[in-house]
Structures are given as structure tokens and as C-alpha cells.
Amino acid sequence: LLSEVEEATRVDPPLALRMLGVAGEAAFQAGDLPAYWRMVPLLGRLADDGDPAQRLHARLQLALSPEAKTAPDIQHDLAAAEQLDDPDMLTRIAGLVFAFGEYAAAHRLWAKAVARARALGAAGSLASALRALALDEMSRSRYAWAEASAAEGRELAIETGQPNLALQHAAILMEVTGLRGREQEARQLAGEVLAEAAARGSYGTAALVRRALGQLSLAWGRPEEAITHLEALWTLNASPHQATALAVIPDLVEAAVHSGRPELGREWLARLPDTPGIDFPEARALALRSQALLAGDGDDQADALFEEALRIHATTKRPLDQARTALLYGEYLRRKRRRVNARGPLRTALETFERLGAVPWAGRARTELRATGETARRRDPSTFDQLTRQELQVVRVVSRGATNRDAAAQLIVSPRTIDHHLRSIFAKLGIGSRSELIHMAAAGELPQSD
């Protein structure tokens with residue numbers, strides 16, 4: 001692609017922009033970030049060509065490059081992005097918006113991309129938009145919705161001949177099944193995805209799996225295993241992406257401390273302050289948590305660091321990260337023989353993990369709480385937890401007022417299939433009509449789907 005961009009630049013600049021977009025995605029998935037950033041000069045020459053959506057996409061890409069001299073007018077660009085209708089451009093631009101820390105705006109754009117792809121009957125674009133939405137839902141700790149989106153996206157990717165995209169959906173499914181307590185299924189899926197990703201040279205997909213395995217290994221109480229997976233994400237021959245650094249380093253610090261290797265944790269933490277994006281509240285909270293872990297049991301500064309991290313977490317929409325910090329604070333207090341003080345953060349962590357359905361993390365928090373002398377009763381699964389992936393997608397569409405025929409068109413199934421799923425949903429939720437389902441959604445009795 002890159003070898004032909006120069007010629008395309010002379011004869012068809014908008015085509016050259018599209019080629020750079022595809023080449024950039026390939027370079028990122030291959031883990032070749034130096035090649036990705038070598039496209040910046042070409043992008044700069046083409047930024048004023050193409051349609052408004054292409055120009056917006058190019059402008060945001062340039063603003064994220066290491067050579068960027070000025071920050072974009074992000075609010076102006078967000079207003080322009082909100083006016084777009086093409087699902088593929090919405091999906092790509094939302095990813096760049098996310099990189100600027102505009103998480104709520106990125107979520108809106110991804111949700112719109114999914115809705116537009118459904119309305120257009122564009123199955124291939126829908127598969128891509130569902131991948132982005134599923135990853136966003138994972139970051140917001142909405143595991144049931146993430147699993148439903150990834151499962152549908154995987155099927156659509158296979159049907160539309162996009163095996164790499166299907167593999168990325170499988171990586172998301174691997175993480176969510178692990179978080180929802182299906183460890184053996186998650187490990188088997190991880191092995192399959194890593195093998196296929198290696199054969200395809202898909203570093204991006206392998207990175208998703210390695211990061212998930214690292215976090216799950218921490219939840220399962222295997223810090224050395226976590227270090228192995230997380231260090232595999234960090235390559236010496238390429239600069240790590242900002243999102244990789246922010247996601248990996250706090251987990252590496254936690255794994256190093258729990259494995260009795262704080263010096264390794266300090267080595268990794270030293271790399272974090274130079275990482276672009278550290279000013280995001282989410283990143284600041286994780287950095288403070290890492291510093292608290294490394295402060296040591298004999299340093300009272302850890303209390304202040306943990307408490308400040310929790311204060312900042314409360315301003316974000318990352319409940320899993322917040323609960324994990326509360327868990328680590330409770331563990332620290334228990335080690336210092338402050339068992340009564342430890343119960344508060346441990347109880348908060350356990351309640352959050354159970355509400356989210358993060359089964360292995362809940363198990364770890366429950367064990368820690370028991371060690372303080374308090375026993376916590378296991379939370380009974382809600383009726384909502386019993387809905388299948390397909391039923392969740394039907395709930396998402398029908399609760400907004402779609403008829404069976406409309407829902408069938410959006411989900412690319414038959415009206416009879418929608419009717420079958422609705423009967424099952426009604427039985428599980430204890431209701432008798434679609435109007436009751438719509439009322440439950442309006443009253444906030446169902447988890448928010450967007």
C-alpha cells in the first residue's frame with residue numbers, strides 16, 4: 001500500500017488518504033508502530049484532500065503523532081464527528097477521539113456507528129463497529145453487553161469473509177468469558193486465538209489476549225504468570241503505544257509486588273511518567289495506585305496515595321479499576337494488621353465486583369474479606385444474568401420500541417427468531433409483553449445498553 005501511495009497522491013489524493021487509512025490499521029495490528037508513524041509526512045501532505053470526514057480523520061491522526069506541534073480544537077472536531085453518518089468513518093474517528101480521552105463522546109460515536117450499520121444492512125461494517133463497541137463496553141466493565149456484541153460481531157465477520165476481524169472478536173470473547181468465571185473456556189479460547197494470531201502476524205490481536213491473560217492471572221492469584229503475559233506485550237524493537245503503556249504498566253507493578261519483586265515494579269513505573277496521556281484522570285489514578293503499592297508496608301505515605309487514587313477513580317467511569325484499587329488498599333491495610341479498617345474498602349470492592357459480574361475478582365476480594373474476620377454471602381445472580389448473548393441483543397433493540405420486523409432487519413435474523421427470543425426473555429424476566437420490557441428499560445430496571 002505504501003509503495004503505491006506516492007503515485008495515488010499525484011492522481012487521486014482522496015484515494016491515497018483511504019490507502020493510508022488501511023495501511024495504518026495493518027501497521028498497528030502488526031505491531032509495527034515505526035512504520036505507522038512514517039506515514040505522518042504523507043498524511044500531512046494529504047490532510048486537506050478528501051471529503052470532510054477524511055479530512056477530520058487525517059487531522060486527528062496528525063494531532064496524535066509524536067511530531068504534533070499543537071493540540072486540535074477537540075470540541076470543534078467532536079461537533080463535526082457527531083454529524084457523520086458513515087458507519088466506517090464513525091468507527092475510525094471514534095477510536096481517535098478515545099485516544100484523546102474523550103471516552104463518553106467515543107462511546108456515542110461507536111453506538112451511532114452500530115445503529116447506522118444496522119439501518120443500512122451493512123453487515124461487514126456492522127461487524128467492525130461491534131468490535132469497537134465491545135471493546136468500549138469492556139473498558140466500562142459492562143461484560144454482558146460486551147459478550148453479546150463480540151459474539152454477534154464474530155458471526156458477522158465470518159459470514160462476510162473477514163477472518164482477522166473474527167479473530168479480534170474471539171479475543172474479546174476470551175477476556176469476557178474469563179471475567180465472568182468461565183476460566184477453562186477462556187484459556188482454551190486464548191490458546192486458539194494466540195496460535196492463529198501468530199500465523200497471521202496479528203500483533204494487535206495477540207496483545208488483546210496477552211493483556212487479558214495478564215489481568216486474569218492477577219485475579220486468579222498467579223502474579224508470575226501475569227508478568228510473563230504482560231512483559232510479552234512490550235517489545236524492545238518498537239516504541240509501545242500509549243494505550244499499551246497505560247494498560248500494562250500498572251498491572252505489571254501489581255504483579256511484581258505480589259510476586260515479591262518490587263524492584264521490577266519500580267523499573268516499570270519509571271517508564272510511566274514519560275508516557276503520553278498520563279494527564280487523563282484514569283491514568284493518574286492508576287499511577288497513584290502503583291506508587292502506593294511500591295511505597296511498602298512500612299511507609300504511611302501509602303494510605304494517602306491509595307485514598308487519592310480512589311478519589312480520582314470516583315470521577316471516572318471505570319468501576320473495575322476503582323474496585324481493584326479498593327481491593328489493593330484493603331489488602332495493604334490487612335497486612336498492616338488494621339483488619340477493621342481493611343473491611344470497608346474490601347467490602348466496597350466485593351460489592352462492585354459482584355455487581356459487575358467479575359467473578360474471579362469477586363473471589364479474591366471475598367477471600368481477603370474473610371481473612372479480616374468478616375464473611376460475605378455470595379450474591380445471587382439476577383434474572384438479567386440468565387439472558388443469552390442473542391437475547392441481550394434483542395433486548396437492546398426491542399426496548400427502544402422496534403417491532404419484531406424492525407428488530408429482525410437490524411439483527412439480520414427472521415421475525416420468527418425474534419419472537420422466539422422474546423418469549424424466552426419474557427419468561428426469564430417475569431413479564432408478559434414488549435410494553436413491559438420497554439417500561440423496564442425506561443424505568444432503569446435493565447442495565448443501560450448505550
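I took helices as DSSP runs (H or I, at least four residues), numbered from the N terminus.

The model is predicted, so I noted the limits: local features need pLDDT of at least 70, side-chain atom pairs count only at pLDDT 80 or more, and totals for chains, interfaces and linings use all residues. Residues are numbered from 1 along each chain, and side-chain values use heavy atoms, without hydrogens and water.

**Cavity**

I found 1 cavity of 30 Å³ or more. A cavity here is a set of points on a 1 Å grid over the protein atoms alone where a 1.4 Å probe fits but cannot get out; lining residues have an atom within 4 Å of a point. The largest cavity holds about 90 Å³ of space, the volume being that filled by probe spheres set on the points. Its lining includes Leu 20, Tyr 36, Val 40 and Gln 61. Helices H2 (13–29), H3 (33–38), H4 (40–46) and H5 (52–64) each give two or more residues to this lining. I sorted the lining by class: 7 nonpolar, 3 polar and no charged residues. Gly counts as polar in this scheme.

**Positive phi**

Most residues other than glycine have a negative phi. Ser 141 has phi near 65°. Ser 141 sits in the loop between H9 (123–139) and H10 (143–159). Arg 337 also has a positive phi, about 65°, in the loop between H19 (319–335) and H20 (339–356).

Which of them is buried or exposed? Ser 141 counts as buried because its relative accessibility is 4%, under the 20% cut-off. Arg 337 counts as exposed at 76%, where over 50% is required.

Technical notes. 1 Å grid on protein atoms, 1.4 Å probe; cavity = no way out; pocket = protein on both sides within 12 Å on 5 of 7 lines; lining within 4 Å. Buried < 20%, exposed > 50% of the residue type's maximum accessible area, 1.4 Å probe, protein only.
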